[in-house]
Each structure stands twice: as C-alpha cells, then as structure tokens.
Amino acid sequence: AGEEGAQRFETQCVRADGSTFPADVTLSFLRFQAAEYLVVYLNDITERRRVQAALQESDARLQGIAANVPGLVFRLERSLLTGELDFPYISEGSESLAGFSPATLRKREVGLRSLVHPDDKADYHRVQDQALDSDSDWSWQGRIVTREGEQRWAEIKAITRRLQDGTVVWDGIVWDISESKRIELELDSSRGQLRELSAHLESVREEEKARIAREVHDELGQMLTVLKLETSMCELAYADLDPGLRERLNSMKKLIAQLFQLVRDVATALRPPILDAGISSAIEWQAQRFEARTHIPCLVQVPEHLPPLSAAKEVGLFRILQEALTNVMRHAQAQTVELTLSVEAHALCLSISDDGQGFIPATGRPTSFGLVGMRERVLMMGGTLSVHSVPGEGTTLSVRVPL
C-alpha cells in the first residue's frame, strides 16, 4: 500500500444485479499533504474482449484456410509514409513450396523475388512493377528455385485493395504448377512435331501435285497433239472417200479439243503455272478466275516489287487465298471482294475482305475445316491468322507471314 506508481490488471467485476463483466482495473496511489489516497479506475472491456475473440477466430480461420491451400498465401503491403514494400503475412506453405520459412521470406531483403529463377526475374519485375505502379491486380507464371536448388514452375495471382487508412495491400497466392506446366510443354512439343510433320506432308503433297501437273500437261498434251495430227491426216487422205467419215472426224477433233481443255484445267487445279511468276501475279490471276466464275467484282491491291519469298510460303498463301475465296463464294453472299497484299515490318500481309452477311467468329462455324486448315497452314509458315466479322457487315481474314 505504500508503493507509488500505477498498477494495472484485468479482473471480473460484479454489478448490482449480480451479473459480471470483464474490467481493466488501474490502481494508483496519491499523496496529498499528510494524507494518502488510492485511486481506482475501472474500464469495461467487454467490447474489447469481443473484438479480440473475433480477431482470434478470424486469424484461426485464415490459418486453417491457408494451411489447406496447396501453395503459399501472402499479403504484400506498401507503406503510406515511405512507400516501402513489406510482407506482413506469409503462410506456412512456404516451407513445402520453396523450403523457406515464412519469417525468412518476410524479410525486406528477401521476399518472393528471391525465389524467382534468374532467367525469369526481368519478366517477374516487369509484371509486378506494372501492378504496383497502377495499384492493380497482377498475375505471373514462371520458374522458381527452392532452397535445395530444385527448379519448379509457379503461378502467382494477387488481388489489390485499399484499406480505410489508404494503405494499398495485395492479397495473393503462389502455387506449384510444375506438373501442369510439364504436360503443357509436352503438349506444345507434340503439337510442334505434328505441325512439322504436317508441313512436311503438305510440302510432299504440293511437290507431288506439281509433278502430276507436269506429267498431265506434258505427256497427255503430247499424246493429244499426236492424236489431233493423226486425225487431221486421216481427214485429208480419206474424208472424200466416204461422206460420213468427214463428219465423224470433225466430231473426233471436237472431242480432242475438249480433252485439251480438260488436261489444262486438271493441270492448273493441281498447280497453277502462274505461281512460277510470283505470289502477286498468282493473286491477280485467281481474282480474275473468281470474277469470271461468280460475277462478283474482286478488287486487287498488290505491290509491284516484293522481297524474296520461299516457294513453300508462296504456295501456302495461294492455297489460303483459294480456300478463303471458296468460303466467300459459298457462304458470304457478297457484292464485292477486296484482296490486299502488303509488306509491314518484315512480314507479308494478305487480307481478304468481303461485304457479305458475315458471322459471329466465336460461335460461327467453330469446327469449320476450311478455317482450321487455313490456320494450320499459317502456323506452319510461322505466321498468324485473324478473322474479324460482324453479322451484316462482312468479313475480313488477315494473314501475316514473316519474310
């Protein structure tokens, strides 16, 4: 009782009605003149206890959720005063994910960036800095290195929000996607191999078409020429002997002429000779054939001089053009078609536009083998294909192939 200074403790107090409540008790001694006084201050802490209990429950719930998340849960916070970044919370999942304790990763000089593979750091900082500068959500995929030196693929997703005091925080999760990434890379590799095989088969097929076209044009053409000559000689030698023979010989000559045209058409369908003159000439020739067949005006814009382009790419672009014009003829109900060939930033760009009925690309003929075939041809050439269409406003197909 003779001690000076305040003493503080918590206890249970009883009200007049017999109910109890938690209280914060502060005792202090006061000397005044010759007398000593004991000052007692009671503070009802029922609400504080309730808030503490709710906070503990919330923290326990967070810990339970974080413990069951297959990865690392974190909170990144930026100080209002200094702008420094800190991790006020990192879950225990950091041990299983990367082999580091939460306390280690929470250090300002460590953080999540210390886990990122050296070859992926630049991309990680680019994505994170962009999010931090704009106070926006961010997402990143890349490689991390564990404490034991093991390389893993990880994905980070963080959602931003602003607290009442203005502090910006990012709540996020990091999880191991090594297995799914391995499957994805294997699938990409398999697709690449299939695409290479498809390109090889397509090249072989085009070469075979060209060979057959030459044989049809040259061999059959020579035979038909000889047959026409023999028929003419028979007409000169024997037509006057039999009045009906001249008529038969003339009928044979007409059939031979039709065979000549059929041979030319077959050879042209297999491989148009105009391709030997370059892709620009081939586009103009195909546009003329399209106009003659459909009576739809076809406007062509091609440059006078083009950089060198491989034969495979010229044939690929020509086949894409043929397929696109076939689609226009079958489905578009167009009044005009415009073909444009241009060179842009080391790439050759081919555009086929029509003013037809259009369609919705997301749902319009999603399994069209024509469009799938064109897209595969473009991918085999290392290019890109895009389709823009609005119902009632036509369709534009754009192909971009590196030179």
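This is a predicted model: local features need pLDDT of at least 70, side-chain atom pairs count only at pLDDT 80 or more; totals for chains, interfaces and linings use all residues.
Student: Which residues of α4 are buried, and over what arc around the axis do they lie?

Tutor: Buried means under 20% relative accessible area, exposed over 50%, and partly exposed in between, with a 1.4 Å probe and protein chains only. On that scale the buried residues of α4 are Tyr 124, Val 127, Gln 128, Ala 131 and Leu 132. The arc is that of the directions from the helix axis to the C-beta atoms, and these residues lie on the same side of α4 because they cover only 130°.

Student: Which residues are exposed on the other side of α4?

Tutor: The buried side of α4 is covered by elements that include β4 (71-78), β5 (85-90), β6 (138-145), β7 (151-162) and β8 (168-176), where contact means heavy atoms within 4.5 Å. On the other side of the helix, the exposed residues are Ala 122, Gln 130 and Asp 133.

Student: How many aromatic pairs does the structure hold?

Tutor: A pair of aromatic rings is described by the distance of the centres and the angle of the planes. Rings of Phe, Tyr and Trp (its six-membered ring) pair if their centres lie within 6.5 Å, and planes under 30 degrees apart count as stacked, over 60 as edge-to-face and the rest as tilted. By that rule, the number of aromatic pairs in the structure is 4.

Student: Why is the pair of Tyr 124 and Trp 138 given its geometric label, and what is that label?

Tutor: The ring centres of Tyr 124 and Trp 138 are 6.0 Å apart and their planes stand at 75°, so the pair counts as edge-to-face. Because Tyr 124 lies in helix α4 and Trp 138 in strand β6, the pair ties together parts that are 14 residues apart in sequence. Both Tyr 124 and Trp 138 are buried, and the label of their pair is edge-to-face.

Student: Which residues form one aromatic cluster with Tyr 124?

Tutor: Tyr 124 also pairs with Trp 140, with centres 5.2 Å apart and planes at 80°, so that pair too is edge-to-face. It links helix α4 to strand β6 across 16 residues, and both Tyr 124 and Trp 140 are buried. The residues that form one cluster with Tyr 124 are therefore Trp 138 and Trp 140.

Student: Which charged residue lies over the face of Trp 153?

Tutor: A charge sits over a ring if NZ of Lys or CZ of Arg is within 6 Å of the ring centre and within 35 degrees of the ring normal. At 4.7 Å from the ring centre of Trp 153, the residue over its face is Lys 181.

Student: How many disulfides are found, and how far from Cys 298 is the nearest cysteine sulfur?

Tutor: A disulfide is a pair of cysteine sulfur atoms within 2.5 Å, and a search of the whole structure finds 0. Cys 298 is buried, with a relative accessible area of 8%. The cysteine sulfur nearest to Cys 298, that of Cys 349, lies at 18 Å.

Student: With which residues is Pro 307 in contact, leaving aside neighbours within four places in sequence?

Tutor: Pro 307 is in the loop between β9 (298-301) and α8 (311-332), and at 34% relative accessibility it counts as partly exposed. The C-alpha atoms of Pro 307 and Leu 403 are separated by 7.6 Å, although these residues are 96 residues apart along the chain. The contacts of Pro 307 are Val 343 and Leu 403.

Conventions
Residues are numbered from 1 along each chain as its sequence is written. Side-chain values use heavy atoms; hydrogens and water are left out. Helices (H or I, at least four residues) and strands (E, at least two) are DSSP runs, numbered from the N terminus.
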